[in-house]
Amino acid sequence: MAIDDRTRLNNGVDIPSVGLGVFRSHEGKETEQAVAWALEAGYRHIDTAKVYKNEKSVGAGLRASGVPRKEVFLTTKIWNDDMRDNRQLKSFEESLEKMGVEYIDLYLIHWPVANFLATWQILEEIHASGRAKAIGVSNFQIHHLDKLLPLVKVKPAVDQVELHPYLTQLPLRQYLAEKNIAIESWSPLGGQGGAILRDTEVAAIAASHHKSPAQVIIRWNLQNGIIVIPKSVHKERIVENANVYDFELTAAELARLNALNRDRRFGPDPENFNF
Ligand SMILES: NC(=O)c1ccc[n+]([C@@H]2O[C@H](COP(=O)([O-])OP(=O)(O)OC[C@H]3O[C@@H](n4cnc5c(N)ncnc54)[C@H](OP(=O)(O)O)[C@@H]3O)[C@@H](O)[C@H]2O)c1
């Protein structure tokens, strides 16, 4: 197995299990290079969003890499204001145009704003048109999905949520597994602050495998069947984060990592966000 190892979604589409995240990666050279380095290192999955304001550079990085469009899995997300203002279709088309692509592999509702049901119907239409190969949600809790799922024609393929050893999200993971919806972890390394990367337990497990803390956390995701999208704009870290297929965590190590859970969020809480 290697970095283009894939997870099959509930609609039969395969998503590479590790992707490059580009949140807080600046529009322009920074994002273009990160995307091109990732593709050079073998990544085939890039995770962006309209609100990251770097979709244009993601497209430019893809073209600069020379890797054919059809080999790369692109995710982007509809932003909250575009949902509230009922400009979902327009916003989707703007994302296509900025990236310079004809279709998106996975289009997500970024946050569960009040009119997510109406938005989902528009995503279903986009999906039916073939311009989004899969559609899904992000930051949805069990109660949001309980509301959405009885009404859908197309089941969400994924739920992308904050998830790491300090926030293991077990109840949501069990719920999604029962519904056959894949889970993706955002801020898998704990985001910008790096607190998890400095955790002594993570460091001890990493040292015993001669790997880095980031590699251990990415591996913990993979061995738990979780799709993971670590972000970096540094070439050596992008390469490092992909180099996770030459070791295996033992059941005891997985248990030690699970035991770090403290339901600690580094990002906003989907129950209480004001943007
Ligand atoms: N759906 C949502 O609401 C949502 C929310 C947040 C994030 N996301 C997605 O999830 C992706 C990942 O989350 P994230 O960007 O918040 O955080 P993350 O991937 O957990 O952590 C990124 C941070 O870790 C550093 N880093 C990366 N690899 C490292 C390594 N090997 N060793 C040491 N430090 C390392 C990065 O620094 P450098 O870049 O300086 O290397 C950056 O500061 C985002 O980019 C985005 O695509 C989605």
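Two residues are in contact if their C-beta atoms, placed from the backbone, lie within 7 Å. The views below show a predicted model, in which local features need pLDDT of at least 70 and side-chain atom pairs count only at pLDDT 80 or more, while totals for chains, interfaces and linings use all residues. Residues are numbered from 1 along each chain as its sequence is written.

**Figure 1. Overall fold of the protein.** The protein contains eleven helices and ten strands; these are DSSP runs numbered from the N terminus, with helices (H or I) of at least four residues and strands (E) of at least two. Its C-alpha trace spans about 50 × 40 × 35 Å along the principal axes. Among contacts between residues at least 6 apart in sequence, 73% join residues at least 24 apart.

**Figure 2. Helix H5 and its buried side.** Helix H5 (residues 116-128) has 13 residues and reaches 18 Å from its first C-alpha to its last, close to the 18 Å expected at 1.5 Å a residue; the expected span is 1.5 Å times one less than the number of residues. Thr-119, Trp-120, Leu-123 and Ile-126 of H5 are buried. They lie on the same side of H5, because they cover an arc of only 115° around the axis, taken from the directions from the helix axis to the C-beta atoms. A residue is buried if 20 or more other C-beta atoms, placed from the backbone, lie within 10 Å of its own, exposed if 12 or fewer, and partly exposed in between. The face turned away from the buried side carries the exposed residues Leu-117, Ala-118 and Ala-128.

**Figure 3. Surroundings of helix H5.** The elements against which the buried residues of H5 pack include strand S5 (73-78), helix H4 (88-99) and strand S7 (132-138). H5 is followed by Gly-130, whose phi is positive, near 85°.

**Figure 4. Helix H9 within the structure.** Helix H9 (residues 213-223) is largely enclosed by the rest of the structure, because nine of its eleven residues are buried. Among them are Ile-217, Arg-219 and Trp-220. The cover over the buried residues of H9 includes strand S9 (182-186) and helix H8 (200-209).
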